[in-house]
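Please walk through this structure one region at a time, with the sequence beside it. The paragraphs below follow the chain from a loop to its sheets and then to the ligand.

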Amino acid sequence: MKCVKVPLRQLNDTRIKLMESGKMNIEYRIKTEDGFGYIPVNENVEGHEIVCMELEAMKRVPHSFAEILKDELTEDEIETLRTSFDTIGDIIILEIPDSLYDKRFEIGKAAHDFTKRRSVYMKKSAVKGTTRVRDLEFLAGVDDSVTIHKEHGARLKLDVREMYFSPRLATERKRVMESVSDGEKILDMFCGIGPFPIVIAKNKTADITAVDINGEAIRYLNENINLNKLKGSIKTYAGDIAEVSKQFNCKFDRIIMNLPGLAYTFLDLAVELIEDGGIINYYEFSDSYEQGEKRLKEACEKKNKDVEIVNTRKVKSTSPGEWHIAIDGKVTEKQ
Ligand SMILES: C[S@@+](CC[C@H](N)C(=O)[O-])C[C@H]1O[C@@H](n2cnc3c(N)ncnc32)[C@H](O)[C@@H]1O
């Protein structure tokens, strides 16, 4: 390493001048030895003695994802990536646009270095099929898709390759949990690994029935029940809610229907299973609440019931102009 050699009493002034002129090499540490200081430089500096020394490299902690990638990508490209980070436990899931596909491993490594999480994957498809799972490609770290995600004090174990889970619904789950009263009998028709049941049962003395067609998701939910200290109870079923519900011999104070693309096809069943005065937490993808409210009303009408829409909200944006929306309906028998 090329260094400027100066007596110690001149070290500070010389360091400042070299920094200001851009000649100092800031990737290495200054060394002092036998009354002299050795300042790493990028080039010869007139008026100074230049020597070669072994110097220690600076351990620079990248301040941001952008800093790591600044030589690889443009600012616009970095901005696109910034919004597409999902953290699930010690796993990062990136959404990388097609235009940056060739740089996916550099981007994955940068995400790994920056976040220090164990594994980095990229989305290779949208969520699809009955189980709403997406294809993932491994990019960096350790290729292990099982993790434990922490949400509102709950521990949620899952395999990101095998079952649906979105950390972006955390606020919605908290909101639903806060609206639950102790003692409620709840059905989660499409529970996945059980984030709604676990977060609710951790905080409320509810009696929850949780159903999912993905048997692996139910296997993880059973583990999650043991991983968390619960006030409430959770009974799990693996299977299609349309079939499993034939075994139920009770009605529910609340039914959670988070299968936004298809929940409307199960509304008749939900209206049949809801207790008089119970709440249906209904979800769908839409640009407004009108369609969902109409579907709820029509399903209730068929069973001679009324529905009062007690709350509506946008859970998250799915595409420009379209939202994952929530509608809470209170269902009562017609007088
Ligand atoms: C969008 S995910 C929601 C999972 C969970 N509620 C959550 O918030 O993470 C929908 C879930 O519905 C399940 N599913 C789809 N069709 C079903 C059916 N007919 N009966 C039961 N579960 C079903 C899928 O396997 C998937 O886990």
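**A guided walk through the model**

Asp 34 counts as exposed, because 5 other C-beta atoms lie within 10 Å of its own, where 12 or fewer is the limit for that class. The model is a predicted one, and in it Asp 34 belongs to the loop that runs between strand E2 (31-33) and strand E3 (36-40). Although Asp 34 is not a glycine, its phi is positive, at about 50°. A second residue of this kind is Lys 116, which is not a glycine either and has a positive phi of about 60°. Lys 116 is placed in the loop between helix H4 (104-115) and strand E7 (119-123), and it counts as exposed because it has 9 C-beta neighbours inside 10 Å.

Returning to strand E2, the reader finds Thr 32 there. Is Thr 32 buried or exposed? Thr 32 is exposed, since it has 10 other C-beta atoms within 10 Å. Leaving aside residues up to four places away in sequence, Thr 32 touches Leu 8 and Gly 37. Between Thr 32 and Glu 151 there are 119 residues of separation in sequence and 50 Å in space, taken from C-alpha to C-alpha.

The domain assignment divides the chain into domain 1 (2-52), domain 2 (65-144) and domain 3 (168-333), and the C-alpha centres of domain 2 and domain 3 are 31 Å apart.

The next stop is a group of paired strands. Strand E5 (residues 85-88) pairs with E6 in the antiparallel sense over 4 bridges, and in this pairing Phe 85 stands opposite Leu 94 in E6. The two strands E5 and E6 form a hairpin with 2 residues between them, and Gly 89 in the turn has a positive phi of about 60°. E6 also pairs with E7, here in the parallel sense and over 4 bridges, with Ile 92 opposite Val 120 in E7. In a regular strand the side chains alternate between the two faces of the sheet. Strand E6 (residues 91-94) is covered on both faces, with Ile 91 and Ile 93 buried on one side and Ile 92 and Leu 94 buried on the other.

Another sheet is open and is formed by 7 strands in the order E13-E12-E11-E14-E15-E17-E16, with mixed pairing. At its edges stand strand E13 (233-238) and strand E16 (305-319), and because each has a single partner strand, one side of each is left without a neighbour in the sheet. On average, neighbouring strands of this sheet are turned by 15° against each other when direction is ignored. Helix H7 (residues 215-227) packs on the sheet, where it touches E12 and E13, and its direction makes about 160° with that of E13. Within the sheet, strand E14 (residues 252-257) and strand E15 (residues 274-286) run parallel and are joined by 5 bridges, and Ile 256 stands opposite Asn 281 in E15.

The walk ends at the ligand. Which residues come nearest to the ligand? Of the 21 residues around it, these are Phe 190, Gly 192, Ile 213, Asn 214 and Ile 241. Helix H6 (195-203), strand E12 (207-212) and helix H8 (241-244) are the elements that give two or more residues to this shell. By class, the shell has 13 nonpolar, 5 polar and 3 charged residues, and it draws at least three residues from each of domain 2 (65-144) and domain 3 (168-333).

Note on methods
Residues numbered from 1 in each chain as written. Predicted model: local features only at pLDDT ≥ 70, side-chain atom pairs only at ≥ 80, totals over all residues. Near = placed C-beta within 6 Å. Nonpolar A, V, L, I, M, F, W, Y, C, P; charged D, E, K, R; others polar. Domains from an automatic or database assignment. Buried ≥ 20, exposed ≤ 12 C-beta atoms within 10 Å, placed from the backbone. Pairing = 2+ DSSP bridges. Axes fitted to C-alpha atoms, helices over the stretch in contact; angles between N-to-C directions. Contact = placed C-beta atoms within 7 Å.
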